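Hi,

Here is the structure I promised to hand over. My notes on it follow below.

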Amino acid sequence: MQEQSSVFGGPATSLELRYTGEPVSGWGGLVAVMRYLERRGVRRVLASALPDGRTSPNQIPVVDMVLAFFAGVLTGSRRFAHVERLRSDEVVRTILGLARMPSAMTLTRYFGGLVRSHVEQLSAVLGQFVFGELTRPALGATLDLDSTVFERYGRQEGSLKGYNPRKHGRPSHHPLLAILAEAKLVLHAWLRSGNTASARGVKAFLAETLAQLPAGFRLYGLRADSGFFVTAFLVELERRALPYAIAVRMNRHLRHTVAGIQHWTAFAHGLEAAETNYQAHGWQTPRRLVVVREVLRERPEARGRKLLEVPGYTFHVLVTTLAHDPVATWRFYNSRAESENRIKELKEDFGADGFCLQSFDGTEAAFRLICFLFNLIAEFKREVTQDEAPRLLTLRTRLFVIGAIRGAEGRQVVLRLGLRGRWRQRFAALLERIAALAVATVAQFTDDQKNPSPRPWKPRQSRLQPTLLPVLN
């Protein structure tokens, strides 16, 4: 009988262990993203957007703090405390070009000292930078409005009980987002208290969102779920001549209207479409409805509303000003699910629902910075990797996780990456694309009429540094 080896035996025990004093990291791939951000001029933009009135001679510059915050998000942090993991990583510090890495307490103290005027200034400057040169689709862009739930554990400002489909009764925040569907960018975002309805403040939010767009940028249409089926919002969209397709909340009068439709057109297996006019109480004129019904016998997973008057079907109803036939209108609205994937990525990959402070304004500032980073990574994928499909989670494992050793040759700092063969060739190609990008000329945001100076930074009671770009050897 052959003797079996112990689970602790084998080749590993015969390896001789050695130690190195050289700085080593598993996040060498971050150098590609940081070089891209430098090429885009992100440091200068952050310096214009972030307030800083601190007087301590030992302070870490706010731009350095935010870059460290970005590095934490890109490497999987979901809490401010998780950023501590990078404090001892000298390779990441060198890639970021920082003299010191901030602690979690340094970050929370800074964000916790921000007030509403700082958040609005931050959003205005960053939005002007990202959306100043948006590609204009020939037919116009599609704007999606949606809300989501950030569950909270504690007694933070604005953390209140409201709609929470996963954990009923759990306090939360209820953010509102506007997403450009084709560009896959977050155009605007609000953080709201947890007891806020989906459409609360949506008219003001829409006005701020449209103000982010460059002059002459055309929107093809707006899509939103039934939480935005509010008469005042429909009137506002029509006043702005902005076409829309919005899901309808069913009531008894509307159910009778839908049940009375006689003419249906089949357009797919178990799917039929129709249209009708409907005038709700308080409406000045009728509006067009597009209705799609699913045959439960053929589509047992159908998730629409069931009507007692018409058994065997589920129904989906849209109110719209689009002139397309019902099938084209339904397909236009149905592709809105892609924008829901953007929100899912923000929460699961970027940790947007995890960075929370006692201060509501500080929490919103962190949330909007994460949305800014989300947009930068979307542009990075479009311009550098030339593949927009992978989420950050995939990008993290494919690109960022690279063994790296920081060394020196003479007085030159050198970063040695653990890549061979085709992997080295692919990474070198990414760096060449970044080097070929035009150097961004960042506008100086000093127009007091467009961007009034916020209140000086002052913590609550409770200089741009040159970047050290490592070279590859």
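No disulfides turn up in a search of the whole structure; the term means a pair of cysteine sulfur atoms within 2.5 Å. The sulfur of Cys356 is 15 Å from the closest cysteine sulfur, in Cys371, so that gap is too far for a bond. Cys371 is buried, with a relative accessible area of 5%. Buried means under 20% relative accessible area, exposed means over 50%, and partly exposed is in between (1.4 Å probe, protein chains only).

Keep in mind that this is a predicted model: local features need pLDDT of at least 70, side-chain atom pairs count only at pLDDT 80 or more, and totals for chains, interfaces and linings use all residues. Residues are numbered from 1 along each chain as its sequence is written, and side-chain values use heavy atoms, with hydrogens and water left out.

**Overall**

The protein has 473 residues, and 51% of them count as buried. Its C-alpha atoms fill a box of roughly 80 × 80 × 45 Å, taken along the principal axes. The secondary structure comes to 14 helices and 16 strands. These are DSSP runs numbered from the N terminus: helices are H or I with at least four residues, strands are E with at least two.

**Salt bridges**

Side chains of opposite charge can pair when their charged atoms come close. The search of the whole structure gives 26 salt bridges. For each, a side-chain nitrogen of Lys or Arg lies within 4 Å of a carboxyl oxygen of Asp or Glu.

Look at Arg116 and Asp361. Their side chains meet in a salt bridge at 2.9 Å, N to O. Arg116 lies in helix α6 (residues 116-131) and Asp361 in helix α12 (residues 360-385), so this pair ties together parts that are 245 residues apart in sequence. Arg116 is partly exposed, at 31% relative accessibility. Asp361 is buried, at 12%.

Glu120 and Arg368 form another salt bridge, at 3.8 Å, N to O. Glu120 is in α6 and Arg368 in α12, so the parts tied together here are 248 residues apart in sequence. Glu120 is partly exposed, with a relative accessible area of 29%. Arg368 is buried, at 6%.

These residues belong to a network. Salt bridges link Arg116, Glu120, Asp361, Glu364 and Arg368.

Arg240 and Glu236 also meet in a salt bridge, at 2.9 Å, N to O. Arg240 counts as partly exposed, at 31% relative accessibility. Glu236 is buried, with a relative accessible area of 10%.

**Cores**

A nonpolar core is a set of buried Ala, Val, Leu, Ile, Met, Phe, Trp, Tyr and Cys residues joined through side-chain atoms within 4.5 Å. The largest one has 131 residues. Those with the most contacts inside it include Leu46, Phe69, Phe111 and Leu145. Helix α12 gives the most to this core, with 15 residues.

What does Leu46 touch, leaving aside its neighbours within four places in sequence? Leu46 is in contact with Val63, Val66, Leu67, Phe70, Leu126, Leu369 and Phe372. Contact means heavy atoms within 4.5 Å.

A second, separate core has 13 residues, among them Leu271, Leu318, Val327 and Tyr333.

Helix α1 (residues 30-40) is mostly covered, with eight of its 11 residues buried. Among the buried ones are Leu30, Met34, Tyr36 and Arg40.

In helix α9 (residues 252-259), the buried residues are Leu254, Thr257 and Val258. Seen down the axis of α9, they fall within an arc of 95°, so they line one face of the helix. The arc is that of the directions from the helix axis to the C-beta atoms. These buried residues pack against β10 (271-278), β11 (287-295), β12 (305-307) and β13 (310-320). Asn251 caps the N-terminal end of α9, with a side-chain oxygen 3.2 Å from the backbone nitrogen of His253.

**A buried glutamate**

Glu294 is in strand β11. Glu294 counts as buried, at 9% relative accessibility. Leaving aside neighbours within four places in sequence, its contacts include Leu271, Arg299, Arg303, Tyr313 and His316.

Best wishes

Note on methods
Polar contact = N/O pair within 3.5 Å; in protein donor to acceptor, adjacent residues only side chain to side chain.
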